[in-house]
Amino acid sequence: MVENNKNFKTIEEKLSLLKYKPETISHIEVNEELCLKCKSKECTFFCPASVYKIEEGEIPKIEYENCLECGACKIGCKSKSVKWNFPHGGCGIVYKFS
Amino acid sequence: MAKIAKKLYNKLMDKKSSSKIDVIVVGAGPSGIASAITIARGGKKVVVLERADFYGSKNMFGGAIYLSSIKALFPNNWQNAPYESNLVQSSYSFLTKNSSVEIKHKTDEKTNTISVFRPKFDSWLVEEAKKEGVYFAPKTVVRSLIIENKKVIGVKTDIEEIYAPIVIIAEGSQSNLALQAGLKKELQAKNFILGVKETLKLDKEKIQERFNVKEGDGCMMELFGGLAEGDEQAPLALGFLYTFKNHISIGLGANLEDLANLKLKPYELLEKLKAHPSVAPFIEGGEVVEYSTHTIPGGLKDLAKPYMAGALVVGDSCGFINSVHFEGTNLAIYSGIFAGETALVALNKGDFSEKTLSLYKNKLNKSFIMKDLKTYKNIMNMARNRANSIFKFYPEKMSEFFTAFTAADEIPKKNKYQNFIFHFFSDRKFSELLKDIFQFAKSAFEVIKW
């Protein structure tokens, strides 16, 4: 029902509107040992940029290029396996109407 | 990248290479800039380090600033900031699945609340600060504090170490430095709100017509409920809408732990809100130009200790957010001013001890900042515990009441009232009602008690 709305935007469409200054090295690290123990993988839900994607295997694929730098993963990860830091100076998201 | 930042930084330093830095401010948001301007006005050398290339381009909020703090910081030129719309109308809507009950306040006087876009507004703050002698180093990420004998003596960036007798931590909600210094224990999901919003382009004429406002004026809406149906647990989530000159923003703030526990995707909640029959007509025809997100710290229970030898913590870094009134920049700017004043006292005394810098805490305690945070100390917790009541049950009952009240049919009105009252008590366990009464009364008492 929601999808019929003309204003509807998927997360991919939302992200495609944004301007980034690309970072070449990931600013997100995951402690694999701790991440493997987590079965619920809440990060794949609450991350507002859908950076964490469930793929084959137990550790989510991290699309760090899409990160909006809110830091929710660092705070919300229950297994405390996400090490998130700021991208390098000037890199990452560039908002204009925020 | 690092080379450019270093060059720029060296250039800045060369201007006054003979004098050393008095204060390093980490972060060029409202709190950092307010403290830097206060310090520069006291004749001291202050450098603001900012990780973004364009000022304000990492910052995000719902949409409005409060003029009292801008006037306090810029008594002579507060009018010149890049304002969007004067928000003369605020409304509070309680949503069910397909209906809403709304309370609206409107005035024809100028209000204290004005919508702005942060990249434009924060850039203006920076330009004003530069005029007053504040130095800025953009594209500079501070990775850690340099601490010696429990005293902060400088910062480590990606490229170098910079030393100053005072460091003001204004890096925003992530509070990396406050955590490193032990001023904050840990960041807990239960204390955080995750905000997501979209900015839509919509013609000025359409905004004026749709929201019934004059040119230059605008409105804000708070949207309660409408995000959970049937047996679904309602998250603590509050929607908002702001109008700008040629744009509107629509978004929501949701408790991060609720999102995690209920496995909710914030952008899908946003779509649900946008599609609500009482909300969709407001954004109809608007072109989405940006999606943005931010974490919002908050509440008295989650505050960082605001000072230690050689360092002060301001704004979001310290947790200065009043979620009930959507106040963030206000607290940021005033805390920045207090920190700046404290830094000046310390610099003039040449004493950067914890004891001297505790003056900042006194200033905070005496101000509305700590008073307001104390007033609302339990309200977020209460709202989270009673989310099903606040965001589901009562909006539904309000809607049922008006449906019965406005339907003119053959059912006698007395029966309708009796029926409404019967269902009010029978639709839910009585114990839930008692919990609501107790929790609401407790929160209300905390707010108004002497």
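A salt bridge is defined here as a side-chain nitrogen of Lys or Arg within 4 Å of a carboxyl oxygen of Asp or Glu. In chain B, a network of such salt bridges links B:Arg386, B:Arg428, B:Glu432, B:Lys435 and B:Asp436. The structure is a predicted model, in which local features need pLDDT of at least 70 and side-chain atom pairs count only at pLDDT 80 or more, whereas totals for chains, interfaces and linings use all residues. Residues are numbered from 1 along each chain as its sequence is written, chains are lettered from A and ligands numbered from 1 in the order in which they are written, and side-chain values use heavy atoms, with hydrogens and water left out.

The model has an ipTM of 0.95 and a pTM of 0.94. For chain B, the average pLDDT (the predictor's confidence in each residue, from 0 to 100) is 94, and 96% of the residues score at least 70.

Over all chains, 33 salt bridges are counted. One of them joins the side chains of A:Lys14 and B:Glu271, at 2.3 Å from N to O. This pair crosses between chains, from helix α1 (residues 11-16) of chain A to helix α8 (residues 266-275) of chain B; helices (H or I, at least four residues) and strands (E, at least two) are DSSP runs, numbered from the N terminus. Both A:Lys14 and B:Glu271 are buried, where buried means under 20% relative accessible area, exposed over 50%, and partly exposed in between (1.4 Å probe, protein chains only).

Within chain B, B:Glu84 and B:Lys120 form a salt bridge with their closest N and O atoms 3.7 Å apart. B:Glu84 lies in the loop between α3 (67-73) and β4 (86-95) and B:Lys120 in helix α4 (residues 118-131), so the pair ties together parts that are 36 residues apart in sequence. B:Glu84 counts as buried because its relative accessibility is 10%, whereas B:Lys120, at 47%, counts as partly exposed.

A further salt bridge is formed by B:Asp302 and B:Lys184, whose closest N and O atoms are 4.0 Å apart. B:Asp302 is in the loop between β16 (287-296) and β17 (307-308) of chain B, and B:Lys184 is in the loop between α5 (176-180) and β12 (193-201), so this pair connects parts that are 118 residues apart in sequence. B:Asp302 is buried at 5% relative accessibility, and B:Lys184 is buried with a relative accessible area of 3%.
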